[in-house]
Every structure is written in structure tokens, then in C-alpha cells.
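The sequence and structure come first.

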Amino acid sequence: METGTISRLLQPTKVPSSSFSNFTSSSSICCSQKRLMLACHSSHGGREINSDEREITVLSSERTLKKSSVVGGLSLHRPVHKRDVVGKTFCSVGLSTYPGSIVESSSQTAEEKIGVLLLNLGGPDTLHDVQPFLFNLFADPDIIRLPRLFRFLQRPLAQLISVLRAPKSKEGYAAIGGGSPLRKITDEQASALKMALETKKVLANVYVAMRYWHPFTEEAVHQIKRDGITKLVVLPLYPQYSISTTGSSVRALQNIFKEDSYLSRLPVAVIESWYQRQGYIKSMANLIEQELHNFTKPEEVMIFFSAHGVPVSYVENAGDPYRDQMEECIFLIMKELKARRINNDHTLAYQSRVGPVQWLKPYTDEVLVELGQKGVKSLLAVPVSFVSEHIETLEEIDMEYKELALESGIENWGRVPALNCTSSFITDLADAVIEALPSTMAMSTSTGTEEEVDNDPMQYFMKMLFGSLLAFVFLFSPKMVSAFKKNIL
């Protein structure tokens with residue numbers, strides 16, 4: 001079996017346009033780009049969401065550089081030289097990590113207890129955690145999107161990939177100190193956000209939920225329930241929405257909330273994207289401007305935006321708005337820089353691709369080589385889709401891409417740091433939370449169509465039988481094994 005088979009297995013299922021009508025909403029989604037689709041998130045897992053499952057209110061951001069895209073309830077409908085970074089404080093507020101990743105307010109009114117839930121990817125704390133972290137990552141159906149017939153292979157495939165990839169991944173984490181700093185930084189961001197909210201007279205408990213490592217979403221939700229939170233704002237720490245980031249994290253919340261009578265009644269608002277907010281744009285522009293001053297000739301520096309990639313099929317087949325939002329984000333940042341009379345050339349590329357499928361182009365590594373060949377001598381790398389330092393900034397950009405750039409003829413290299421706890425950034429997140437509070441609404445419980453179909457014993461048996469036969473051919477074909485090692489690993 002040829003490598004194209006793997007590519008087909010990883011294609012998302014396109015959602016019929018009729019499923020978009022299953023939402024009742026007052027929505028106004030504006031984007032300067034042309035490809036933004038209103039209801040892509042309903043494609044997650046190939047599941048249509050019934051009209052009685054959720055009623056949502058969308059407060060979307062027009063091109064005013066102010067509002068976030070907020071959804072009431074829990075349904076979205078579109079959308080390195082070796083460095084010891086473990087234990088390093090990335091935030092200026094000087095606060096330590098809180099056990100359990102919860103920052104409690106000192107006092108709350110009896111009538112209302114506000115909670116803010118920060119969502120992030122997570123990362124292994126130690127080298128021993130790398131393989132189970134990778135398993136959790138690849139076991140997510142929003143990361144490897146198998147056709148319905150093959151979904152029973154999700155966990156076995158995740159186990160295989162995680163075991164084979166773990167040695168290489170451990171080398172990367174070892175190079176940045178032996179583990180990911182993401183949890184520490186996110187805890188510091190939670191502490192800073194709580195303080196920013198308090199200065200604005202809003203008392204709130206701030207929780208951290210990681211998708212693929214501790215503290216898991218389930219742990220954070222358990223604490224939210226135990227604390228008796230009466231109103232919750234969900235804030236994904238991904239500026240741009242994607243099926244594989246915000247979409248996956250919110251789906252995990254949906255699955256937990258719909259099984260619990262207390263949580264299903266809890267008023268919730270999800271800030272699904274906030275890349276167009278003025279505070280974020282200005283914070284990014286500030287960091288870029290500061291780093292440009294480190295070059296001898298700032299005006300000659302190429303500003304190189306590097307964003308995490310996603311498979312093209314997510315965008316073109318499943319309607320993921322990530323590419324549109326990323327392009328608009330770059331437009332807004334450059335518009336802000338030009339207002340400051342900074343008119344440097346810039347470009348956008350996508351990093352961190354894996355597997356045989358086509359990812360968003362252009363690829364970061366290829367563009368770096370091309371820029372060197374074209375005579376670019378000074379380059380400033382900007383990790384635009386990351387708000388915290390982690391392996392893809394500290395190892396992939398700082399080590400791998402820097403080395404490639406210098407080998408390709410680029411002589412002067414710089415890198416903009418992640419936002420981490422930049423005060424203007426944290427203040428804007430606090431404003432986003434406050435603006436979202438009036439949009440909170442409860443999530444109703446219902447049973448989805450997909451669950452009913454999967455509970456059909458005869459259909460389940462036929463899928464397992466046919467799927468098992470194809471899986472045998474898929475897993476034990478010599479050509480497939482060779483292709484798997486070459487493209488996945």
C-alpha cells in the first residue's frame with residue numbers, strides 16, 4: 001500500500017452545509033480575508049450538532065481591533081544551544097507556580113463566583129513524560145482525523161507513533177532543560193491575569209487546563225465544580241482558532257459538561273479567538289519594534305512570521321478558519337508597525353509539520369533557505385501563534401531554524417520572545433474576560449446523532465469486521481511500514 005493511503009486516512013470529513021443550520025445564533029463574523037467559513041467547528045469528528053443541543057450567542061469581532069470572538073455556552077460553530085529553561089521565570093510579575101494550577105481570589109461575593117479557565121496544549125514536565133504525552137496528543141481525533149471506519153485504530157496508532165517518536169522528541173526536550181516550561185509559564189499567566197482582573201474590580205478564580213498533560217481538563221473542571229463557580233469564562237491561549245487547538249480543547253469540555261447536571265447548567269462563555277484585539281496586536285508590535293533595535297541596520301531586517309502549521313485538508317475540507325485568521329493577524333500587526341513608520345519587508349511561513357499529508361505552505365524551513373539564496377542578510381523571527389515559550393520556540397526556532405538560516409547565508413539572526421506575561425498582553429486578556437462575562441449561558445444536555453449511530457450493534461459489528469481487515473493490510477504491508485517510518489517519524 002502506498003503512502004497516499006496514509007494521507008487519505010488523515011483527511012477530515014467535510015461537513016454538509018445543512019449542518020450549519022443546526023445552530024440558532026445571532027452572529028456576525030467579519031474577516032478581511034475571503035476564505036473564512038462560519039461554521040467549521042461543527043465538523044469536528046465528523047459530527048453534526050443538533051439544533052436542540054445548544055443555543056448560542058456569538059459576539060464577533062469586526063475589524064475594530066477591540067472585541068474578541070465570544071460564544072455563549074460551550075458549542076463553537078466555526079470556527080537552541082542547550083538552555084536550562086525548567087524553573088526559569090518567564091513573567092515579570094515574579095509569582096510562583098501554584099500547586100493544582102488554580103489561583104484563587106481572596107474573597108468572593110455570596111451571590112456570584114466567577115471562574116476563568118485557561119486552555120493550553122500542555123507539555124511533558126520531564127523526559128519520562130514524553131512518550132505518554134505524545135500518546136495523548138496523537139490519540140486525539142482532532143489531531144489525527146481518521147475516517148469513521150478506522151476510528152477504533154486511533155489509540156493503537158497513537159501508541160505506535162508515540163513509542164517510535166519518543167526518542168527523537170526526548171532529544172529536543174533535553175536540549176531545553178529536560179522538560180517543557182509551558183505549565184510554569186501558564187501558571188504565571190494565570191496569576192498575572194487574576195491580578196489584572198482584581199485591579200479592574202473583578203474577583204475571579206483562574207484555572208489552568210492542559211489538553212494533553214497535567215493539569216488535564218478533567219482536573220481543572222473538578223476543581224471548578226468543587227469551588228462552586230457560578231459563571232465561567234473559557235479563554236484558550238491560542239490567538240487564532242483552529243480545529244486542532246481551541247476546537248479540540250472545547251470538545252473535551254463539552255464531553256465533560258454534558259455528562260454532569262451541575263456543569264450543564266453552569267453559565268459559560270468561550271472566547272474562541274482574540275488575534276484581532278488591540279492589546280494583542282500592540283503587544284506583538286512592541287516586541288517586534290524592540291527586537292529590531294538590536295540590529296545594526298533595523299530598516300534592512302526581514303520580519304519573518306513563523307506560525308504553527310495545520311494540514312491543508314483541515315482548511316480546505318473541514319473549513320478551519322486558521323489560515324484566514326493567521327493572515328489577517330499578520331496584516332493587523334504590520335498595519336500597526338507601519339503606523340509607527342516601520343516599513344520592513346515581511347513574510348509568513350508555517351512550521352512543525354509531520355506526516356505525509358500536505359500542510360499549510362510555505363514551510364518555514366524552505367522559506368529560510370530561499371531567503372538566504374535571495375541575499376537576505378538580517379532576519380527577525382516572530383513566533384506569531386505562540387504566547388508562551390515552549391519546545392517549538394526554544395528548540396525548533398532557536399536551534400534548528402537558526403542553524404538552517406545561518407547555513408543558508410543569513411548573517412544576522414534575531415527572535416522575538418513569546419508574550420508570556422507581558423503586562424499589556426495580560427491586561428488585554430483581562431479586558432477580554434470582562435467583555436465576555438455578559439455572554440455566559442448554560443449548556444443543555446442532549447444525545448448527538450453520532451452516538452446513536454455508533455450504538456447500532458449490527459452497524460458497529462460490520463464496521464469492526466471490515467475495518468479490521470483493512471487495518472491488517474494497512475499495518476502489515478511492507479511498503480506501508482517503510483512509508484510510515486519515513487513520513488511519520
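## Terms and basis

Contact, or touching, means heavy atoms within 4.5 Å. The model is predicted: local features need pLDDT of at least 70, side-chain atom pairs count only at pLDDT 80 or more, and totals for chains, interfaces and linings use all residues. Residues are numbered from 1 along each chain as its sequence is written, and side-chain values use heavy atoms, with hydrogens and water left out.

## Ser378

Leaving aside residues up to four places away in sequence, Ser378 touches Phe295, Glu300, Val301, Met302 and Asn412. With Asn412 there is a side chain to side chain polar contact of 2.9 Å (a pair of N or O atoms within 3.5 Å; within protein, one must be able to donate a hydrogen and the other to accept it, and residues adjacent in sequence count only if both atoms are side-chain atoms).

Ser378 belongs to strand E10, residues 378-383. Strands (E, at least two residues) and helices (H or I, at least four) are DSSP runs numbered from the N terminus. Ser378 counts as buried because its relative accessibility is 10%; buried means under 20% relative accessible area, exposed over 50%, partly exposed in between (1.4 Å probe, protein chains only).

## Nonpolar cores

A nonpolar core is a set of buried Ala, Val, Leu, Ile, Met, Phe, Trp, Tyr and Cys residues joined through side-chain atoms within 4.5 Å. The largest has 67 residues, and Leu193 is among those with the most contacts inside it. Helix H10 (residues 322-339) gives the most to this core, 8 residues.

A second, separate core of 23 residues includes Val130, Leu134, Phe135 and Tyr212. Val130, Leu134 and Phe135 are among the buried residues of helix H2 (residues 130-138), and the buried residues of H2 pack against helix H3 (154-175).
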